[in-house]
Amino acid sequence: MPPALPIPASKLCESCRSARALISRPKTHQKLCKPCFLSTFESEIHATIVSTNLFKQGSRVAIGASGGKDSTVLASVLKTLNERYDYGVEFVLLSIDEGIKGYRDDSLETVKRNAVQYGMELVIVSYEELYGWSMDSVVQSIGKKGNCTYCGVFRRQALDRGAERLGIHHVVTGHNADDIAETVLMNLLRGDLPRLHRCTSIITSSTSSPIARSKPLKYAYEKEIVLYALHKKLDYFSTECIYSPEAFRGSARTLIKALERVRPSAILDIVRSGEAFSRMIPSQAQAPGAEPPQESGAEADSGDGDAGCKNGGAGRSSGGEMRDMERALVAEASGLETPIAPTPCINPGKPKQTKQTPKKIREQKMSNCTRCGYLTSQKLCKACTLLEGLNKNRPKTVVEVEVGIGDEEVSSSLQRGMEAVKLAEEVITG
């Protein structure tokens, strides 16, 4: 057997320099072999966890598991890192059954298999159990427009309820860099500053909930998550929610994917821009309970805004060119200006000074919902408010007709008589 040919230097892994490169990272375009890619991906997640102090020794943490690629990769990585670096954390899978036939029922089967594969406890909480409504029945009642609002409110409260059952005060979710970039863009288009601050924080908490949420995959690209799942041969469910294409997020996702094709670093650039915007938001306008965004090792490893862009950031100026151009325009325009003397006022009076009183921000006073007991600043929590609107369209009573033996005979005789009349009419018309 002839000896194996040496691997060309241009095709070697840029990390170990010994194996053939098989993967080009979407985030940095670094060419890596399979073991180096998996190790690098896990190391960046570990850096994010350590730099932001996500976990405490001896705590129990719930993983929001849907069976999709993000939550499956999150569960796999956290199990690996917990064993490798001895976090001392007990992870539990927490799933929400929205009641979407053909989607959630199939994905929950994947979650059940993951629970066995990773040796984790699994708890499933359903909308039907908590609210008496499934998402299929909600969409049947209100249509496909606006259904994500109902699902988002219901899901948040369902996660809290499930965590309370487990005695857990921390839930990690599989939101990745693409998801956060989409949310930043959506909040910018809406002009929603408080939510912009909240969505960029890696750890979020709320005065309406004792449960903290965190996003360990905040700086991980969706494409790299898929690559990790494929090379690790993870068992996950890949079908999208059948109601999500109607959501506003779908438009934001399309725009971000188009930007990524032109500039691969656009996703992280948008996330960093959102963090920068959130730091400029006054504390009074920030969402209550949201913590300030924190940097992570994963972000530091990716360098500046040009990281991962082959053209070296083409189209982005350093600032010096614009400054020189502005100076030249000012010098050119200075000779064209004509001084105009101000017109004297006949009755110069004291200018009216208008007092600008700062807008008072109403402090939220938290109390329990009068119906379900959930923490809220209103009489009814958001979920109960939405349920009130849904229940108005649902019949309050069910009319039941009891049919006795005699009634059955009468009804059958009447039915036979009607059939005979109908047959006679057909003969006459024929």
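This report walks through a predicted model of one protein chain, from its overall make-up down to single residues.

## The big picture

Let's start with the whole chain. It has 430 residues, and 41% of them count as buried. The chain holds 15 helices and 10 strands.

Now look at helix H10 (residues 248-262) and its partner H11: their axes are 8 Å apart and they pack at an angle of about 120°. That angle makes H10 oblique to H11. On the H10 side, the meeting residues are Ile 256, Leu 259 and Glu 260, and on the H11 side they are Ala 266, Ile 267 and Ile 270.

Is Met 280 buried or exposed? With 60% relative accessibility, Met 280 counts as exposed, because the cut-off for that is over 50%. Together with Leu 188 and Phe 277, Met 280 makes a nonpolar surface patch of about 310 Å².

Helix H5 spans residues 135-142, and its buried residues are Met 135, Ser 137, Val 138 and Val 139. What covers them? The cover includes helix H4 (127-131), helix H6 (147-166) and helix H14 (382-392). Just after H5 comes Gly 143, which takes a positive phi of about 95°.

Asn 114 sits in another helix, H3 (residues 104-118). Asn 114 counts as buried because its relative accessibility is 4%. Setting aside residues up to four places away in sequence, Asn 114 touches Thr 72, Leu 93, Gly 119 and Asp 235.

## A strand residue with partners

Glu 90 is found in strand E4, which runs over residues 90-97. A relative accessible area of 40% makes Glu 90 partly exposed. Which residues does Glu 90 contact, apart from its neighbours within four places in sequence? They are Ser 59, Arg 60 and Val 61. Gln 57 is 33 residues away from Glu 90 along the chain, yet their C-alpha atoms are separated by 9.3 Å.

## Charged pairs

Side chains of opposite charge can pair when their charged atoms come close. This structure holds 26 salt bridges. One of them joins Arg 84 to Glu 42, with the closest N and O atoms 2.8 Å apart. Arg 84 lies in helix H2 (residues 69-85) and Glu 42 in helix H1 (residues 34-51), so this pair ties together parts that are 42 residues apart in sequence. Arg 84 is partly exposed at 42% relative accessible area, whereas Glu 42 counts as buried at 4%.

Another salt bridge links Arg 165 and Glu 129, whose closest N and O atoms are 2.6 Å apart. Arg 165 is in helix H6 and Glu 129 in helix H4, so the pair links distant parts of the chain, 36 residues apart. Arg 165 is partly exposed, at 45%, and Glu 129 is partly exposed too, at 46%. The side chains of Arg 195 and Asp 192 also meet in a salt bridge, at 3.5 Å from N to O. Finally, there is a network of salt bridges that links Lys 69, Asp 70, Asp 178, Glu 222, Lys 223, Lys 257 and Glu 260.

Conventions. Residues numbered from 1 in each chain as written. Predicted model: local features only at pLDDT ≥ 70, side-chain atom pairs only at ≥ 80, totals over all residues. Heavy atoms only, no water. Patch = residues over 30% accessible without salt bridge, like charges linked within 9 Å, V, L, I, M, F, W, Y side chains within 5 Å. Areas by Shrake-Rupley, 256 points an atom, 1.4 Å probe, with all protein chains shown as cover. Salt bridge = Lys/Arg side-chain N within 4 Å of Asp/Glu carboxyl O. Buried < 20%, exposed > 50% of the residue type's maximum accessible area, 1.4 Å probe, protein only. Helix = DSSP H or I, 4+ residues; strand = E, 2+ residues; numbered from the N terminus. Contact = heavy atoms within 4.5 Å. Axes fitted to C-alpha atoms, helices over the stretch in contact; angles between N-to-C directions. Parallel < 35°, antiparallel > 145°, perpendicular 65-115°, else oblique.
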